[in-house]
Amino acid sequence: MPLRALLYRRPPDTPAIEICFDQTIYQVQLRRHAQARRYTLRIHAARREAVLTMPLRGSLRDAKAFAEKHGGWIAARLGRLPKATPFAAGEVIPLRGEPHRIVHRRRTRGTVWTEIEGDERLLCVAGELPHVARRVGDFLRREARRDLEAASRKYCAELGVTARRVTVRDQASRWGSCSTGGMLSFSWRLILAPPYVLDYLAAHEVAHLVEMNHSPRFWRLVERICPDVQRAKAWLDAHGTDLHRYGMIFQSAA
Ligand SMILES: [Zn+2]
């Protein structure tokens, strides 16, 4: 392979462009791709953005013209996504599958805690109002780590294996992963889902410590330690994408 071709194989991503449709500005991420023969558009639902794939040598001007021509499509597809729900006072977010209303409490002790008021569940946040979003985010990550560590420990004990580490992060592309070195990694957003969904993901990744594949043997192992596999998978198919709208501020430059 000529050096030139090697150099062009993995070009850095070209920055986003902006287009205007119906008096609203939309950001379009550009991805140059060696195999791309033409310009194509898709919507990344979890990141709520339009992505334009273009040939390596395509021009920015052509990319912009293409995105502008399909501005109506971009606007319609983004508009159809469920509304973003920021971590702000008054908003309702799920915690372990149960809706909780975020309430700001003006007091200095404590940070974030849950309360039940009548038949409503509250997620109470202390401190200054501008810090509510960060405190809710930190709280959810902490709770996610705790539940995922406990579930992983339980399934590890059942299978007689050990995980080297359990980490929680914000990954848009998958709910969990298992490295060959025995590191388990999960999306913190699983704490928003019903507990049987989080349990299933923990069982799934722990089972990879035994079977690093998705063979029938792997699935028999998961089903042996986790009774809710089909129910959890169905839930994720129906509601998984929706979990990505929490904690997001909808950016519209209209
Ligand atoms: Zn897997």
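Reader: Which side chain does Glu120 meet in a salt bridge?

Author: Bear in mind that this is a predicted model. Side chains of opposite charge can pair when their charged atoms come close. Here the N to O distance is 2.7 Å, and the rule asks for within 4 Å, so the pair counts as a salt bridge. The partner of Glu120 is Arg101.

Reader: How many residues apart in sequence are the parts that Glu120 and Arg101 tie together?

Author: Glu120 lies in strand E8 (residues 120–126), while Arg101 sits in strand E6. The pair therefore ties together parts whose separation in sequence is 19 residues.

Reader: Is Arg101 buried, exposed or partly exposed?

Author: Buried needs under 20% relative accessible area and exposed needs over 50%. Arg101 comes out at 27%, so it falls in between. That makes Arg101 partly exposed.

Reader: What about strand E7: which residue there pairs with Arg105 of strand E6?

Author: Strand E7 covers residues 112–117, and the pair ties together parts that are ten residues apart in sequence. The two side chains meet in a salt bridge at 3.1 Å, N to O.

Reader: Where does the salt-bridge partner of Arg96 lie?

Author: The side chain of Arg96 meets that of Glu143 in a salt bridge, 2.8 Å from N to O. Arg96 is in the loop between strand E5 (92–95) and strand E6 (98–105), so the pair ties together parts that are 47 residues apart in sequence. Glu143 itself lies in helix H4 (residues 132–159).

Reader: Which residues are linked with Arg96 and Glu143 in a network of salt bridges?

Author: The Arg96–Glu143 salt bridge is part of a network. Besides these two, the network takes in Arg146 and Asp147.

Reader: And how many salt bridges does the count come to?

Author: By the rule of within 4 Å, the count comes to twelve.

Conventions. Residues are numbered from 1 along each chain as its sequence is written. This is a predicted model: local features need pLDDT of at least 70, side-chain atom pairs count only at pLDDT 80 or more; totals for chains, interfaces and linings use all residues. Side-chain values use heavy atoms; hydrogens and water are left out. Helices (H or I, at least four residues) and strands (E, at least two) are DSSP runs, numbered from the N terminus. Buried means under 20% relative accessible area, exposed over 50%, partly exposed in between (1.4 Å probe, protein chains only).
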